[in-house]
Number of protein chains: 2
Amino acid sequence: MESLGLDIGGANTKYATNTGKFGVIYHPLWKGDVFDVLVRISEEQPHEKVGVVMTGELADAFRSRSEGVLHIAKVCMEIFDDVLFLSVDGSLHCFGDLIKEPLKFAASNWVASAIFVGHHYQDCIFADMGSTTTDIIPIVGGVPVAGKTDLERLMNRELVYTGFLRTNVATIVSAVEINGKKIPLSKEYFATTGDVYSLLGLTGDIDYPWETADGRGKDIMSCAKRLARVVCSDLNEISLEDVVEIAHQIRDAQISEISEAMRVKADEWGVCKVVGAGVGEEILKDASAMAGLSFVSVSAKYGALSSVFPSYALSLMVD
Amino acid sequence: MESLGLDIGGANTKYATNTGKFGVIYHPLWKGDVFDVLVRISEEQPHEKVGVVMTGELADAFRSRSEGVLHIAKVCMEIFDDVLFLSVDGSLHCFGDLIKEPLKFAASNWVASAIFVGHHYQDCIFADMGSTTTDIIPIVGGVPVAGKTDLERLMNRELVYTGFLRTNVATIVSAVEINGKKIPLSKEYFATTGDVYSLLGLTGDIDYPWETADGRGKDIMSCAKRLARVVCSDLNEISLEDVVEIAHQIRDAQISEISEAMRVKADEWGVCKVVGAGVGEEILKDASAMAGLSFVSVSAKYGALSSVFPSYALSLMVD
C-alpha cells in the first residue's frame, strides 16, 4: 500500500511516500492558506493512508496554537480520505481525538523521526537541522525522552530555534570582527543563514525553497551583498573577503550553540552518538565533533530523504 | 519664510516646519516608493525652502546605498522647487553636488540634530533613539565629532542599531529567565520592542506609526501574545506576569547596550552630559543614569518635536 507522510511547517510543507518519493514546497503560512498546497500534493502523489505532523500552528496566521492545529487538521480532513495525526506521545490518532486535545498535536514533527531512529539506535541523540529550527532529541533505550511542548524543549535545550536557511543572522551574533576590529551588527532583517551557507559553498546541490531577506537572487554576489548590509555596508565599503570572514563567524557561532545543546543532552543521558538528519546535516556533523560525540549521517543511508525525514518516517509509520 | 525639513527613513518619513508643525508617516521603502508620501507632504505642509536628510537608502528596495540616495534625491527634485540636501560634513548642497558624491548624503539625518544641539551645548553626547536606531553623537566644542558613515559609526559605537518600536526582540537577548529557569529565545520575527514598551506602559500617549510583527493589534493583550510567542508559547502556557518579566529583561538589555555605548563615548571625549531626543527619550534617560551621566531632555523644551528632531533642526537650518 502506498502511504504519504505530510510535515506541515510554517514556512515549508514537506511530503514523502513510503516508496521514497518526496518534495518540499515553500509556502509560508503567514502569507496564505495551506489548502492549495495540500490539494496539489494529493493530486500528484500516490497515497492511500496519510499521516500528518505539523509545526505550522506557531505561524502568525493563527491567534493561538490550538487554533492553528485545528485549522491545519481540518484542511487535511477536507482533502484526504484516510488521515491519521501523530501526537507528541508518539501515537497515531483520528481527527476526533485531535479535536479533544489539539495541543497534543502541536510541534509534533520531530516525534516521527525520533521513533524511527529509536528502532535502529537504542541510545543516541537524534538531531535534525531544518531551514528554521534544530531538534536535539535524546533517545534512551530506543525511546525518545524529550519534552512534549516547544516551551519545554526550548528550556531543555532539545529545541534550538536556529536553522540552515531562514534564520536572521542578527539573532545569532551581536557583533562580528573585521580586521581585528569589533563591529556590532545592525539588528535588522538584512541577511539569513541561507546567505551564509551559500557564500561558504555549503548548500551543495540543494535546491531548497527559501525566500531571501530582500527578495533578490540566491547567487553568490547577492548573498554577499546582503551579508555586507548587516554592518550597514555595500561591497565597495568592505571587501568580499571581509564578508566571507563575517559568514565564517556566523557559522561558528551557530555551530557552537548547537554543539553546546548536544553536549548538555549527552551528559544528561550518558550517550555519545549523534544521528543527524536535515538540510543542515553538515553543520550537525561539525557541532558533534566540537562536542566530542560520534556522528552517524542519515543522508549517507537515505540520501536526500534526510531533508524531509519526519515525513518519510511518518509515511512508514502509517503504512 | 516657511521652510520644511524632511527626514526620509526606511520605515518612516518624518517632516517638520520651522513654525513647529510636524508629522510622521509610516511608509516602508521596501514596500513602495516614497513619491506619494512626499506629494502628500508637499500639498499639506507650507514650504518655500526644503531641506532633506535621509537614512532610507539602506532599504532593500535599492541595490546599493548610492542607488538609494540618488533615487530619493531625484524624487525630491521632482516634487519640490527649492531643495537642499545636507551632507554628513554638515553643509547644505544642491542636487548637482549630490550627484557627484551621493554617499556623502547617506545616513545624514543625525547631522542636522547634532549641529543644532552643538549651538546650545558645547560638550555633550547627543543621543536620539528612534523607532529603529539610536544615534550616540559626541559633540566637542560645539562640533559633532562622529564618524561619517554607518559602518564607521557602528564600529565607533556612535550608531547603536536598536530602536524603540521596530527592533526584533530576538536580536536583543538570546535567552530570558522565567521563574529562575533560563529559556533560549526563538530566533524568529515574533515580537518587537514596540510590544515590550507598550506592555510596560512606556509608550505614553505616543501615536507612533509602526507595524506589529504579526500585523495584529497594538492593544496590551496583542502585545503580550506576541511576546509569549518568543518562547514558542501562548498565554495559556505562560502567565501575563511571566510575559511582563520577559519584557523587563528585554528592556534592561537594550538599556545596557545603549548605556555602554554612551559610557565609551563619554570616556573617549571627557564629557559628562547626554542631550536626549527621539521617541525613545525615556530609555535614553535610564541609559544615561546607568552610565553615570547627567541628562537633558529635548522634549522638555521642544515637546513632541523631539521625536522628529532631525527634520525640525533641518527646517531651521534651511530657513
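Modeller: On a 1 Å grid over the protein atoms alone, a cavity is a set of points where a 1.4 Å probe fits but cannot get out, and its lining residues have an atom within 4 Å of a point. This is a predicted model, in which local features need pLDDT of at least 70 and side-chain atom pairs count only at pLDDT 80 or more, while totals for chains, interfaces and linings use all residues. Residues are numbered from 1 along each chain as its sequence is written, chains are lettered from A in the order in which they are written, and side-chain values use heavy atoms, without hydrogens and water.

Colleague: How many cavities of 30 Å³ or more does the structure hold?

Modeller: There are two. A volume is the space filled by probe spheres set on the points, which are joined across faces, edges and corners.

Colleague: Which residues line the largest cavity?

Modeller: Chain A supplies Phe190(A), Asp214(A), Arg216(A), Lys225(A), Arg226(A) and Arg229(A), and chain B supplies Asp60(B), Phe62(B) and Arg63(B). Ala, Val, Leu, Ile, Met, Phe, Trp, Tyr, Cys and Pro count as nonpolar, Asp, Glu, Lys and Arg as charged, and the others, Gly among them, as polar. This lining has seven charged residues, two nonpolar and no polar.

Colleague: What lines the second largest cavity?

Modeller: Its lining holds Leu154(A), Arg157(A), Leu159(A), Val160(A), Tyr161(A), Glu257(A) and Ala261(A), together with Pro184(B). Six of these residues are nonpolar, two are charged and none is polar. Helices (H or I, at least four residues) and strands (E, at least two) are DSSP runs, numbered from the N terminus. In chain A, β10 (159-160) and α8 (240-269) each give at least two residues to this lining.

Colleague: Where do the residues closest to the centre of the second largest pocket lie?

Modeller: A pocket is an open set of points with protein on both sides within 12 Å along at least five of seven lines. The second largest pocket has a volume of about 580 Å³. Of its 30 lining residues, Ile172(A), Ser174(A), Ile172(B), Val173(B) and Ser174(B) are the closest to its centre. β12 (181-184) and α8 (240-269) of chain B, along with β12 and α8 of chain A, each provide at least two lining residues. The lining comprises 14 nonpolar, six polar and 10 charged residues.

Colleague: How many residues does each chain bring to the contact?

Modeller: With contact taken as heavy atoms within 4.5 Å, chain A brings 50 residues and chain B 49. Buried area is the accessible area (1.4 Å probe) that two parts lose on being put together, summed over both. The two chains bury about 4,200 Å² between them, 50% of it on carbon and sulfur atoms. Asp60(A), Tyr161(A) and Lys187(A) account for 17% of the area that chain A buries against chain B, more than any other three residues.

Colleague: How many salt bridges cross the interface?

Modeller: A salt bridge is a side-chain nitrogen of Lys or Arg within 4 Å of a carboxyl oxygen of Asp or Glu. Eight cross between chain A and chain B, including Glu257(A) with Lys187(B) at 3.3 Å, N to O. On the side of chain A that touches chain B, α2 (65-79), α5 (150-156), β12 (181-184) and α7 (220-229) each supply at least two residues.

Colleague: What does the salt bridge between Lys21(A) and Glu2(A) tie together?

Modeller: Their side chains meet at 3.8 Å, N to O. Lys21(A) lies in the loop between β2 (12-17) and β3 (22-26) of chain A and Glu2(A) in the segment before β1 (3-8), so the pair ties together parts that are 19 residues apart in sequence.
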